[in-house]
Amino acid sequence: MKQLNQFLLFILLVLPAYGHAQDKLAPVDLKNHIWFKNSIIYNLEVGVFKDSDGDGRGDFQGLIEKLDYIRALGVDIIWLAPFQPSPGKDDGYDVADFYGVDEKLGTSGDFAEFVFQAQKRGIRVIIDLVINHTSDQHSWFQQARKSKGSKYRDWYIWSDKLPKDYNKGMVFPGVQKAVWDMDTLAGQYYYHRFYPFQPDLNFANPAVVEESQKIIGYWLGQGVSGFRLDAVPFIIEIPKTGSEKPKLDYKFLMDIRQFAQTRRADVVILGEANVVPEEHQNYFGKNGEGMQMMFNFFANQYLFYALATGNIDPFKKAISETQIIPDASQWAHFLRNHDEVDLGRLSDKQRQEVYAKFGPDTSMQLYDRGIRRRLATMLGNNRKHMELAYSLLFSLPGTPVIRYGDELGMGDDLRLKERISVRTPMQWTAEKNAGFTTADTAFRPVIDFGDHGYKKINVEDQTRDSASLLNWTTALIKLRKSCPEIGLGTYKILDAGSAAVFAIQYEHEGKSLVVLHNFSDRPTQSRINIPGNKLLVDLIDEDDQKASDGKYSIKLDGYGYKWFRIK
């Protein structure tokens with residue numbers, strides 16, 4: 001009894017204090033619990049990565065064989081291009097079944113094994129979600145065109161008469177002639193932002209929205225961690241409000257995010273939306289309730305202008321204009337992707353300057369706005385210039401995205417049509433067909449000519465060479481992952497004391513990082529001012545910098561770069 005009384009007295013004494021301590025909920029630290037903020041994304045296409053069965057095309061079993069290579073590179077997210085059944089007229093982006101795996105790439109079991117093996121190595125998987133349109137061979141469209149009474153008829157967008165703006169707003173100008181075409185079986189015109197064989201889905205129809213949720217739920221159930229949402233502005237178009245300046249329903253992005261998180265709390269949606277800074281909030285959401293990530297196309301275009309001309313002022317302005325986003329949101333930065341280098345936001349004069357440097361021949365240009373070359377060929381295989389570009393990419397505020405083969409300096413094949421020029425097979429060895437396949441012929445030509453041919457550029461040789469671009473990139477990825485200030489912190493652009501030097505400072509949890517890049521091919525002296533005489537510890541070379549009254553004088557080689565931690 002005495003012990004019971006003592007216990008009750010203890011409770012009476014402790015509970016009030018405990019209650020007082022719990023009168024306020026602990027804050028939610030979103031920044032430090034979002035896995036994609038300090039990750040490296042590696043974009044690849046299964047069909048061109050590694051062939052395991054000798055049929056000339058890459059497959060999931062081949063990709064599984066190369067997961068250790070990807071892990072050794074330091075990557076923690078693989079972003080897969082479409083791998084679902086498809087006629088292949090748009091390299092898989094013309095999806096004919098959203099719930100399957102193209103038999104040329106493997107089976108659903110192969111995909112499940114791939115996800116398991118990736119996760120076992122600490123690598124997450126995100127996949128392309130191409131729901132703006134389907135292939136015209138999809139069963140939905142085939143049934144829709146047969147009868148106005150078909151339940152799928154209203155899954156697409158139709159018109160009895162040819163709209164006046166039928167030839168406006170094409171995604172592929174110069175190749176594509178219209179966004180409305182007659183379907184003779186249906187007896188109506190159908191809408192397609194992309195090629196005629198890719199009819200747009202009608203997201204004003206609740207049944208289409210419900211189906212898109214099923215698709216998301218299905219793939220999350222297969223173990224993927226998120227989606228790269230293709231062609232976002234076209235998904236949220238309100239049908240028949242014009243093809244040049246249509247009305248957009250941004251609420252759909254909030255709804256799709258909420259639905260995805262009901263199936264997987266830590267899911268990520270990475271949006272492809274090439275929009276101006278004033279529109280970013282519509283996609284991220286005012287409080288970050290929209291897509292968690294977006295590609296920073298706006299800054300990317302001015303980055304290529306800076307790389308081509310050495311004029312960094314427009315690029316600095318673009319980084320500043322895209323600075324204010326919700327805390328839980330994140331930019332994805334990139335140099336090259338699977339499409340063309342889009343220069344559509346540049347002025348005509350600026351675009352011509354980039355063309356003159358990186359794509360002077362019309363065969364290198366595409367859609368009246370871009371360049372269809374890999375980074376290495378655009379930069380003339382100049383190692384110093386390439387290092388500058390990739391050091392910059394990994395030090396920009398956000399999550400870096402690299403394209404398969406760029407870690408080697410792979411080139412392009414301009415003999416291939418449109419964007420296929422930068423989608424050639426991965427170059428593994430100097431053996432026949434670059435070790436990509438044991439077949440006599442690969443389904444797509446391996447680059448076997450010039451400075452970027454597989455006998456000169458391949459994984460096997462570069463792995464053995466400590467000075468190779470592959471080993472340099474691996475070290476750079478390790479450096480980036482040791483600097484969480486970049487993905488998680490706040491930043492400001494510094495006055496570098498030189499018109500050619502881009503200097504940026506990051507702050508996070510009491511740590512500070514300063515990174516400088518010289519866009520000129522000539523050596524330059526940079527002078528930055530940081531209050532307090534703190535030591536700048538060089539994270540790459542043994543070139544620590546001391547200050548005089550808070551001022552640092554830092555020498556940079558032509559196309560040179562420096563990463564410092566403030567100590």
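Since the model is predicted, local features are taken at pLDDT of at least 70 and side-chain atom pairs at pLDDT 80 or more, while totals for chains, interfaces and linings use all residues. Residues are numbered from 1 along each chain as its sequence is written, and side-chain values use heavy atoms, with hydrogens and water left out.

Starting with the big picture, the protein has 17 helices and 21 strands; helices (H or I, at least four residues) and strands (E, at least two) are DSSP runs, numbered from the N terminus. The radius of gyration comes out at 26 Å, close to the 24 Å that the globule rule gives for 567 residues, so the protein is as compact as a globular protein of that length. Here the radius is taken over C-alpha atoms, and the globule rule is 2.2 Å times the number of residues to the power 0.38. Along the principal axes, the C-alpha atoms fill a box of roughly 80 × 80 × 50 Å. Of the 567 residues, 59% count as buried (under 20% relative accessible area, with exposed meaning over 50% and partly exposed in between, for a 1.4 Å probe and protein chains only). Contacts (heavy atoms within 4.5 Å) also reach across the sequence: among those with a separation of 6 or more, 67% are between residues 24 or more positions apart.

Next come the strands. Strands of a sheet pair through backbone hydrogen bonds, either parallel or antiparallel. In this account, two strands pair if DSSP finds at least two bridges between them. Strand E1 (residues 41–44) has two parallel partners to look at. Three bridges join E1 to strand E14 (residues 399–403) in the parallel sense, with Ile41 standing opposite Val401 in E14. Four bridges link E1 to strand E2 (residues 77–80), again parallel, and here Leu44 has Leu80 in E2 as its bridge partner. E1 is covered on both faces, with Ile41 and Asn43 buried on one side and Tyr42 and Leu44 buried on the other.

An antiparallel arrangement turns up elsewhere: three strands form an open sheet in the order E4-E6-E5. Its edge strands are E4 (158–159) and E5 (180–183), each of which pairs on one side only. E5 and strand E6 (residues 188–191) run antiparallel and share four bridges; Asp183 has Gln188 in E6 as its bridge partner.

What about a single residue off the strands? Lys50 is found in the loop between E1 and helix H2 (60–65). Lys50 is buried, with a relative accessible area of 13%. Leaving aside neighbours within four places in sequence, Lys50 is in contact with residues including Asp59, Glu65, Trp428 and Phe436.

Finally, there is the empty space. Rolling a probe the size of a water molecule over the atoms shows where empty space is left. On a 1 Å grid over the protein atoms alone, a cavity is a set of points where a 1.4 Å probe fits but cannot get out, whereas a pocket is an open set with protein on both sides within 12 Å along at least five of seven lines; lining residues have an atom within 4 Å of a point. Grid points are joined across faces, edges and corners, and a volume is the space filled by probe spheres set on the points.

The largest pocket holds about 1,200 Å³. Its lining counts 41 residues, of which Val171, Pro233, Phe234, Asn274 and Arg345 lie nearest the centre. Helix H7 (232–235) and helix H10 (297–309) each supply at least two lining residues. The second largest pocket has a volume of about 530 Å³ and is lined by 29 residues, with Gly88, Asp90, Asp91, Gly92 and Arg444 nearest its centre.
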